[in-house]
Structure formats: structure tokens, C-alpha cells
Amino acid sequence: MTEYRRILLEGNVVDVVRSGDTLRAADGRVVGVDDAVHLAPVVPTKIIAVHLNYHSRVAEFGTTLP
């Protein structure tokens with residue numbers, strides 16, 4: 001089974017394939033697994049935030065509002 005990873009390579013996000021202890025980019029660049037800056041395996045498409053502006057949420061989370 002092929003293992004894919006996302007890394008930061010020369011300032012760019014690059015999808016690579018793991019081959020033993022190395023990661024290979026589509027353009028042929030190779031970097032060691034331990035030397036790579038690993039990123040999250042997916043790109044989030046939406047971010048959901050919970051606001052503590054309703055009294056029921058404040059009570060649910062057991063916190064206080066400033």
C-alpha cells in the first residue's frame with residue numbers, strides 16, 4: 001500500500017510518497033522522513049468555531065464570560 005504525506009519543502013506544500021526512510025516528490029526531489037517538516041494529511045475546507053456567547057453554552061462548558 002502506497003503511503004502519501006504532505007510536507008513543507010523549500011517553503012512550498014508538497015505531496016510526497018514514502019519509500020522506506022525517504023520521501024519522494026513528483027518532480028523527483030527526495031528528503032529524509034526525519035528531516036521533513038510534516039503537515040496535516042488533509043486541507044480543511046471549513047472551520048467551525050463555538051462561541052461562548054449564550055448562557056447555556058457557558059454553563060455547558062463550565063466556564064465564565066469576561
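Select Glu10. Its relative accessibility is 66%, so Glu10 counts as exposed. The cut-off for that word is over 50%. Keep in mind that you are looking at a predicted model.

Now show the side chain of Arg29 as well. Glu10 and Arg29 meet in a salt bridge, at 3.0 Å from N to O. Which parts of the chain does the pair link? Glu10 lies in the loop between strand 1 and strand 2. Arg29 lies in the loop between strand 3 (22-25) and strand 4. The two residues are 19 residues apart, and the pair links distant parts of the chain.

Is Arg29 exposed or partly exposed? Its relative accessibility is 26%, so Arg29 counts as partly exposed.

## Stop two: a third partner

Asp27 is exposed, because its relative accessible area is 52%.

Now select Glu10, Asp27 and Arg29 together. Salt bridges link these residues in a network.

## Stop three: the sheet

How many strands form the open sheet? There are 5 strands, in the order 4-3-2-1-5. Their pairing is antiparallel. Find the edges next. They are strand 4 (30-32) and strand 5 (37-38), and each pairs on one side only.

Zoom in on residues 3-9, which are strand 1, and residues 12-19, which are strand 2. These strands pair in the antiparallel sense over 7 bridges. Pick Glu3. Which residue is the bridge partner of Glu3 in strand 2? The partner is Arg18.

## Stop four: Arg18 and Asp21

Arg18 and Asp21 form a salt bridge, and their closest N and O atoms are 4.0 Å apart.

Compare the labels of the two residues. Arg18 has 29% relative accessibility, so Arg18 counts as partly exposed. Asp21 has 60% relative accessibility, so Asp21 counts as exposed.

Zoom out and show the charged side chains. How many salt bridges does the structure hold? The structure holds 5 salt bridges.

Note on methods:
Residues numbered from 1 in each chain as written. Predicted model: local features only at pLDDT ≥ 70, side-chain atom pairs only at ≥ 80, totals over all residues. Heavy atoms only, no water. Pairing = 2+ DSSP bridges. Helix = DSSP H or I, 4+ residues; strand = E, 2+ residues; numbered from the N terminus. Buried < 20%, exposed > 50% of the residue type's maximum accessible area, 1.4 Å probe, protein only.
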